[in-house]
Amino acid sequence: MYDALVIGGGIMGCTTALHLARGGMRVAVIERRGLCMEASGVNAGTLSLQIKRKELMPYALKGWELWKTASDWLGDGVGFHQLGGLTLAFTDDEAELLENKMRERAEAGAPIEFVHRDRAREIEPGLSNHPVLASFCPLDGYAQSNEIGRAYRAALIGAGVQVFERSTVSSIEKIGANFAVTFGGNTKQARRLTLAGGAWLGRLGALLGVELPVEYRVNQVSVTERIRPILRTIIGVVSDPLSTKEGPALGTSLVGTLTLKQSSNGTVLIGGGWQGIGDLDRGGYQIRPEYLIGNLRQAHYAIPALADARVARTWCGVEGHVPDFMPLAGPIPGVENAFVVGCCRGGFTIGPYLGRILAQRILGQEPEMPLFDPGRFAPAPLVDSVGAGRP
Amino acid sequence: MTAQHWTDLLVLGAGPAGASAALAAAEHGMDVVLLDEAADAGGQVFRAPPKSFVVANGKRIDPDFHIGASLRDRLAASRVRKVFERRVWFVAPGFKVSTFGPEGLEFWTAKSVVVASGTYERVVPMPGWTLPGVIGLGAATILLKSQQALPGETTVVAGCGPLVAAVAVGILKAGGKVGAVIDAASPGDWARALPSMAVRPDLLLRGLGWVGRIRLAGVPLLFRHAVVEVRGGDSVTEIMARPVDNQWRPRWDVPARAFQCDALAIGHGLVPAVELTRLLGAEHEFAAERGGWVPKVDEDCRTSEPCLYAAGDCTGISGAAPALLQGRLAGLTAALDDDRMAPEAFAQETSALRRKLQRARTFGAASARLMTPSPGLLDTVTPDTVVCRCEDVTRREIEAAFEAGAADLNQVKAWTRCGMGPCQGRMCGDTAAALAALRLGGREAVGPWTARTPIRPVPMETLIGEYDYEDIPKPAPARR
Ligand SMILES: Cc1cc2nc3c(=O)[nH]c(=O)nc-3n(C[C@H](O)[C@H](O)[C@H](O)COP(=O)(O)OP(=O)(O)OC[C@H]3O[C@@H](n4cnc5c(N)ncnc54)[C@H](O)[C@@H]3O)c2cc1C
Ligand SMILES: Cc1cc2nc3c(=O)[nH]c(=O)nc-3n(C[C@H](O)[C@H](O)[C@H](O)COP(=O)(O)OP(=O)(O)OC[C@H]3O[C@@H](n4cnc5c(N)ncnc54)[C@H](O)[C@@H]3O)c2cc1C
């Protein structure tokens, strides 16, 4: 019998489990593949405050702080680098949009200032002369997402968490007040349950008999071979990927924005949420060459020296979201002692903090900042006991 | 604007398998495009010499040359569209293929695809193998065949399988010096292979002739030995060899022998090139004796995906002769499935082909077995030996990932960067997987790496082309 079972070993699940264990609970994480091999391990690793929506800024600042101090609480620095970041506007319309967006985000707490082209080119000598305006945030940086699975695994085991990998949860039953979770030939029981299945949260919710309106997107990322240093900041371009109320949101659009940076090993990572092809069964299995080209053109328009590089790899990862593109983090209405965490845009940056405040709630403490009520979508009436309503 | 092309059948790879497939399908009326990154058809064995290259006395070292020349003549006379110097970097079901080459970026759409992508070389690493002067046995055959150049002044030739003797003799014939020939197999291993090889007396005799020739030239010939270290400052100056036991484990208790040389040609067999079939979603299985992961194909070369066929060494190492026959079978099957052939005509045309293929495979299987390294050879990969040369990852780092709990190949890649470089793990993948298999119980358990696009690194300039800012698709900005 466990105090808590966490299903899904991405950033959200791993961090929640870690804090629960450190809070004194007996915990297990059950993960279908290896820890952090889906979105949490294949993402672009950008820790940029300039691309966070204003409502999430306080959380993003906390998440950023956690990555900066990862060696303290995670036991591994996971390649955190603070480079400073520039967001670019190439046209007058974009400049107006940039001013509006960044003013909001600065008001929300991110130390963002506006810089004109010449100043931008001092900050980033690799920059083309195309930008008409830029914003600068000295905090922007990145961490090596591919390394975090290893770090979390060591931390979880160090904290006494039992880690089940290559274990797909196939059913969740309620036995009295407890949850019985079956994976492979194994069934484990616990008093509390946390669903942290990323893009697969809808499926996990269904196992519990609740409807979580989770959809998914398939993001493309590319990396070049190692090349000489050609840029020293994180580069982005202005766009409004996070809005859903006015204008088309990135959530429904196939084309993305830009995130661009050169790692300490010389490779240049190019991403921004351009959509590849995939599904929940096969993951992100195919890239769209036309979007690779669009993304690369955008990058090259900002940093011309990229033309000398060769693209070494392109891949896709699957990311979950809900209709309002805000996170899920809190108790699942109607199922006592069941919680959910995930579906957070910029979830690599914010994930460690979401896991932490959810763990505070599960441990019976007051969360440091408000959670994100999974019941806000007023879904179809929830079943009152687990398993009811299913054949 | 990038060029767009349409065709009935795309054949990826113009080695013996791909060229034969293209010819067969075209004979039955299919519009066929044959793509290869090389300058002409022929593949690895029947590689065409550079167009500007004329041998003074008209005599060539390479006994296979005329087979390649006749294949190229038949292609020239056929309706196959031959498109060379094109690297395939993207493939998708449906079928969509993209290449880059002298015409820049091109996109191809086809109803059916034959994959005939051949193989890569396998080198089981040892300390110093990344020094300049060390080349693969296959690369050495290419130097000898297509440029008639020597790897060095004095070359040590080592590894396992028929290519060892072939390369040594190639060097001798070209007037070069061979410092030693070091074969991990024993004369007994070869003797056991002989009965199967006797189905091709011509090739068998050629092989025996090779051994005689090496002996005649006074070259030290060491059976059941392995190169355990390559030494040198800026490049190779010396190699160390040790006897190996029956598992090919180096015997550290026996003193090593040193051989001076300025080049080492070394190889431990071939690995099927399956990124194309994997990216196209075909099912694969692991077959050690055929070189590694291979697509599952039926007796007519159909993969698990409709209208996707595979032939030649990318379906399992078997050699050039079977590749020619299997390629033809794949081309005929594509024609049959596209209603270009009556089933009776197909049955008739393929029955003799299948018999020949069976025989050719018996020989191929025997030589493939000789090319398969025994697991003990992994002991030459000492803790400080670099396994992944692109990312400079040593065996010690890979073992540390296992200690930390990595339990499949993708996890090892994520944690160590092994296989993340521009070669996409073609050089280190097999070694990393073999090391993982030692720990985790079998190659099936550790799985293959996820295949990634691009299949070959693509210059950024090629991908972005000429563009205006307006050509970049953008999400419509929100009105806020
Ligand atoms: C390509 C890409 C690039 C991104 N770039 C950035 C970026 O630069 N910056 C940033 O801040 N954010 C970025 N993100 C977003 C960020 O990666 C995600 O928000 C975050 O990793 C989500 O974490 P998670 O734990 O919720 O989900 P995941 O990491 O997907 O974890 C969910 C886990 O649940 C497991 N699971 C599912 N079903 C089951 C089951 N039945 N049984 C057991 N386990 C199960 C899955 O295997 C998976 O490991 C990017 C996302 C992608 C896909
Ligand atoms: C380097 C090397 C040298 C060899 N030398 C010999 C030898 O001397 N004697 C011998 O008996 N056997 C040799 N072999 C073994 C040989 O591969 C087979 O016996 C035989 O050539 C198999 O024929 P195939 O048509 O299946 O493949 P191959 O002959 O290998 O043909 C595959 C073709 O696909 C093309 N190709 C693959 N991927 C791409 C891509 N992404 N884009 C564009 N084109 C692509 C390649 O350029 C190649 O022409 C060698 C193998 C290698 C790897």
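Me: What classes of residues make up the shell around ligand 2?
Reply: In this predicted model, the shell has 13 nonpolar, 11 polar and 7 charged residues.

Me: How many residues is that in total, and which are the closest?
Reply: Ligand 2 is surrounded by 31 residues, and the closest are Ala17(B), Asp36(B), Gln44(B), Val88(B) and Asp313(B).

Me: Which element gives the most to that shell?
Reply: That is α3(B), with 5 residues. At least two residues each come from α1 (16-27), β4 (87-92), α3 (137-147) and α8 (320-337) of chain B.

Me: What do Ala17(B) and Val88(B) do there?
Reply: Ala17(B) has a backbone N or O atom 2.9 Å from an oxygen atom of ligand 2. For Val88(B), a backbone N or O atom lies 2.9 Å from a nitrogen atom of the ligand. In Thr141(B), a polar side-chain atom is 3.2 Å from a nitrogen atom of ligand 2.

Me: And how much of ligand 2 does the protein cover?
Reply: The protein covers 90% of the 970 Å² of accessible area that the ligand has on its own.

Me: Changing topic: what area is buried between chain A and chain B?
Reply: About 4600 Å² is buried, and carbon and sulfur atoms give 58% of this. Arg150(A), Arg297(A) and Arg313(A) lose the most area on the chain A side, together 16% of what that side buries.

Me: How many salt bridges cross that interface?
Reply: The rule finds 2. Arg226(A) forms a salt bridge with Glu391(B), with the closest N and O atoms 2.4 Å apart.

Me: Which element of chain A gives the most to the side touching chain B?
Reply: α9(A) does, with 9 residues.

Key:
Residues numbered from 1 in each chain as written. Chains lettered and ligands numbered in written order. Predicted model: local features only at pLDDT ≥ 70, side-chain atom pairs only at ≥ 80, totals over all residues. Heavy atoms only, no water. Near = heavy atom within 4 Å. Polar contact = N/O pair within 3.5 Å; in protein donor to acceptor, adjacent residues only side chain to side chain. Areas by Shrake-Rupley, 256 points an atom, 1.4 Å probe, with all protein chains shown as cover. Helix = DSSP H or I, 4+ residues; strand = E, 2+ residues; numbered from the N terminus. Nonpolar A, V, L, I, M, F, W, Y, C, P; charged D, E, K, R; others polar. Buried area = accessible area lost by both parts, 1.4 Å probe. Salt bridge = Lys/Arg side-chain N within 4 Å of Asp/Glu carboxyl O.
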